[in-house]
Amino acid sequence: MGEFVRVTDSANMKPGSGIVAEVNGKTLAIFNVDGAFHVIDNTCVHRGGPLGEGDLAGHVVTCPWHGWEYDVATGGCVNNPSAKVVRYHVKVEGTDVKALL
């Protein structure tokens, strides 16, 4: 069973933005969708692109390398429903955004 680990400070993230963070040996993409935080694996399953560097529109991030799109709330791939990235459960304590790793 995992534990909730701090991945970022909510004050560092404006709504509609994403960042990349290295936490406990994992590279994570963290997104702020209208004040709700979502954490997924940073690596696109298509060719390994950095999802945290992609453009976020609503709850969908577009991989900057080849345009694959992922729902940051579910980890599901919009382009290929059989593909997905790992999505982590998130909670916010004060200004700490934590993910269950």
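Modeller: A residue is called buried if its relative accessible area is under 20%, exposed if it is over 50%, and partly exposed in between (1.4 Å probe, protein chains only). With that rule, Asp-34 is exposed, at a relative accessible area of 74%.

Biologist: What kind of model is this?

Modeller: This is a predicted model, in which local features need pLDDT of at least 70 and side-chain atom pairs count only at pLDDT 80 or more, while totals for chains, interfaces and linings use all residues. Residues are numbered from 1 along each chain as its sequence is written, and side-chain values use heavy atoms, with hydrogens and water left out.

Biologist: How many helices and strands does the chain have?

Modeller: Both are DSSP runs numbered from the N terminus: helices are H or I with at least four residues, strands are E with at least two. Here there are 0 helices and 10 strands, and the order along the sequence is β-β-β-β-β-β-β-β-β-β. The radius of gyration of the chain is 12 Å, close to the 13 Å from the globule rule for 101 residues, so the chain is as compact as a globular protein of that length. That radius is taken over C-alpha atoms, and the rule is 2.2 Å times the number of residues to the power 0.38.

Biologist: Which residues does Val-7 contact beyond its neighbours in sequence?

Modeller: A contact means heavy atoms within 4.5 Å. Val-7 is in strand β1 (residues 4-9) and is buried, with a relative accessible area of 8%. Leaving aside neighbours within four places in sequence, its contacts include Ala-21, Val-23, Leu-28, Ile-30, Val-39 and Val-97. For the chain, 37% of contacts between residues at least 6 apart in sequence join residues at least 24 apart.

Biologist: Where is Thr-8 found, and is Thr-8 buried or exposed?

Modeller: Thr-8 is also in strand β1 and is buried, with a relative accessible area of 6%. Not counting residues up to four places away in sequence, Thr-8 touches Met-13, Ile-19, Ile-30, Thr-95, Asp-96 and Val-97.

Biologist: Is Ser-10 buried or exposed, and what of Pro-15?

Modeller: Ser-10 lies in the loop between β1 and β2 (17-23), yet it is buried, with a relative accessible area of 16%. Outside four places in sequence, Ser-10 contacts Phe-37, Gly-94, Thr-95 and Val-97. Pro-15 is in the loop between β1 and β2 as well, but it is exposed at 57%. Beyond four places in sequence, Pro-15 touches Asn-32, Asp-34 and Gly-35. Pro-15 and Gly-76 are 61 residues apart in sequence and 21 Å apart, C-alpha to C-alpha.

Biologist: What is the phi of Asn-24, and of Asp-34?

Modeller: Most residues other than glycine have a negative phi. Asn-24 has a positive phi of about 50 degrees although it is not a glycine; it is found in the loop between β2 and β3 (26-33) and is exposed at 58%. Asp-34 also has a positive phi of about 50 degrees without being a glycine, and it lies in the loop between β3 and β4 (36-41).

Biologist: How many disulfides does a search find?

Modeller: A disulfide is a pair of cysteine sulfur atoms within 2.5 Å. The search of the whole structure finds 0. Cys-44 is in no disulfide, and the nearest cysteine sulfur, that of Cys-63, is 4.0 Å away. Cys-63 is likewise in no disulfide. Cys-44 is buried, with a relative accessible area of 3%, and Cys-63 is buried with a value of 3%.

Biologist: Which residue lies over the face of Phe-4?

Modeller: A charge sits over a ring if NZ of Lys or CZ of Arg is within 6 Å of the ring centre and within 35 degrees of the ring normal. Lys-91 lies over the face of Phe-4, at 4.5 Å from the ring centre.
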